[in-house]
Amino acid sequence: MRFALLAALCALAAPALAQTARPEPGPLTIAKQGSFFVGGREVRSDTLSTLPNYDPSGTITVDQMYVRYQAPAGQAGVPITLIHGCCLTGKTWETTPDGRMGWDEYFVRHGHPTYVIDQVWRGRSATDPSAINAVRLGKAPADKLPTVFSAGHEGAWAIFRFGHEYPQVMPGMRFPLAAQAEFWKQMVADSAANLPTPNPTVHALSELAQKIGGTVLMSHSQSGIYPFQTAALSTQGVAGIVSIEPAACPEPTADLTPYKSVPILVLFGDYVDEFSRWAPRLKNCRAFVAAVSAAGGKAEIIVLPDIGIKGNSHMLMQDDNSLDIADILLEWIGKHITAIH
C-alpha cells in the first residue's frame, strides 16, 4: 500500500523536463579538507546533569558553530559557505535523498572551496542543557523549560511546498518523493526559539567570513536572513550573498548601507504565490531588492518560473534539477563576484 502511494505521488509530480544530462564526474580531487568550530562561550552552571554519576556543577562551552570544509586542487575560486535552514543541518547540502550529488561537492568540482556549517545548537554544534535540567532538578519552574520544535512530516509537507496538504502533490513538482523517507531522516529538533536575535550563528558567520578571507554566504529558508544580518555587523569577508527562499529579507525601509557594497542574489522556486506562508515573503524580498538597487547596490531576484524553470519545491537544492540550479548560481557568482573583498 505504501509503495503504491509513493508510486502514485511520483507520477503526479513527474516534471516535464529532466535535468541536463551530465557525464560521470570522475574522481574528486581536493587539496585539503577538515573541520573546526567558530565562536562559542563558556557557561558555568550547577544544572549540567541530573544523573547521579555525573557532577551537575561545571563549565561547558556553547554557541560554537561547526564548520566542515573541502578545498579543490588547483586555482580556487571564491569560497562558498552553505547555511542550512530550520529543522535541518548541514546535510541539506550533501548527497540528495535519492543519492545524487549535492551542491557542496558540485561547487568544489567547479573550483570553489566549500564550507558547510551546522547552526549553533544544531547538529554537531553543542546545545546548553542547563535550563532543562534546572526544571528537572526543581531549581526553576516548569514554564522556564526551553522551547523545542520538531516539524512533523504532515506539517512540513506544505512548508516545503510539496503540496498544499499531505499527501497531495503540486503538479509537476520536482522533489524526489520516492526518496522522501530519506529526507525525513535529515530533520532534527530545532531550539532556535531559545536563542537571541540575531542568532549566535550570525556572529559566528562574521568570524568565519573574516577567517576565510572572503566568502559567498549562501543561506536557505530560516537562515535566509543570516547573511544580511552578518553584513550588518560587518561586510568584512562577505564577498557576496545568495539567499535561497529566505523566510525574511531585510525591510526595504531599513538602513541599506551594508548591502550597497555586497552583490546580492535572492532566489525562489515555484508555486510561491499559491502558499500564504510564502507569497508575503517573496513580496518583501522583491521590495528589498528594488530598494537596494535604487540605492545604488547590486541586488537581483530570480523566481525560477519567470525564467522558464518550473516545478521546484522549497528544497530546490535536492530537487531533480538541482545541478541545473547550481549552474545558475555559479554563473551569477562568476559574473558578479570577481574578487574576494
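This is a predicted model: local features need pLDDT of at least 70, side-chain atom pairs count only at pLDDT 80 or more; totals for chains, interfaces and linings use all residues.
Eight strands form an open sheet of mixed pairing, in the order E1-E2-E4-E3-E5-E6-E7-E8. At its edges lie strand E1 (30–45) and E8, each of which pairs on one side only, and neighbouring strands are turned against each other by 20 degrees on average when direction is ignored. Helix H7 packs on this sheet, where it touches E3, E5, E6 and E7, while H8 lies across E7 and E8.

- Strand E1 runs antiparallel to strand E2 (residues 58–72), and the two are joined by 14 bridges.
- Within this pair, Ser45 stands opposite Gly58 in E2, and Phe36 stands opposite Val67 in E2.

**Strand E3 and its parallel neighbours**

- Strand E3 (residues 80–83) pairs with strand E4 (residues 114–118) in the parallel sense over three bridges, with Thr81 standing opposite Tyr115 in E4.

- Strand E7 (residues 264–268) is largely enclosed by the rest of the structure, because five of its five residues are buried.
- The covering extends to both faces of E7, with Ile264, Val266 and Phe268 buried on one side and Leu265 and Leu267 buried on the other.
- Strand E6 (residues 238–244) pairs with E7 in the parallel sense over four bridges, and Ile241 stands opposite Ile264 in E7.
- Strand E8 (residues 299–303) runs parallel to E7 and is joined to it by five bridges, with Val266 standing opposite Ile301 in E8.
- From E7 the chain crosses through helix H8 (residues 279–294) to E8, and this β-α-β crossover is right-handed.

**Helix H8**

- H8, lying across E7 and E8, runs at about 150 degrees to E8.
- Ala290 is found in helix H8 and is partly exposed, with a relative accessible area of 45%.
- The C-alpha atoms of Ala290 and Glu300 are separated by 7.9 Å, although these residues are ten apart along the chain.

**Helix H7 on the sheet and against H6**

- The direction of H7 makes about 155 degrees with that of E6.
- Tyr226, Pro227, Phe228, Thr230 and Ala231 are buried in H7, and what covers the buried residues of this helix includes E3, H6, E5, E6, E7 and H8.
- Two packed helices are described by the angle between their axes and the distance between the axes.
- For helix H6 (residues 200–212) and helix H7 (residues 226–233), the axes come within 9 Å and cross at roughly 60 degrees, and the crossing in which H6 passes H7 is right-handed.
- On the H6 side of the contact are Thr201, Val202, His203, Leu205 and Ser206, which meet Tyr226, Gln229, Thr230 and Leu233 in H7.
- By class, this contact of H6 with H7 has four nonpolar and five polar residues, and no charged residues.
- Tyr226 and Thr230 belong to the H7 side of that contact, and both are among the buried residues of H7.

How values were computed:
Residues are numbered from 1 along each chain as its sequence is written. Side-chain values use heavy atoms; hydrogens and water are left out. Axes are lines fitted to C-alpha atoms, for helices over the stretch in contact, and angles run from 0 to 180 degrees between N-to-C directions. A crossing is left-handed if the near helix is turned anticlockwise from the far one by less than a right angle, and right-handed if clockwise. Contact means heavy atoms within 4.5 Å. Ala, Val, Leu, Ile, Met, Phe, Trp, Tyr, Cys and Pro count as nonpolar, Asp, Glu, Lys and Arg as charged, and the others, Gly among them, as polar. Buried means under 20% relative accessible area, exposed over 50%, partly exposed in between (1.4 Å probe, protein chains only). Two strands pair if DSSP finds at least two bridges between them. A crossover is right-handed if, with the strands pointing away from the viewer, the path from the first strand over the helix to the second runs clockwise.
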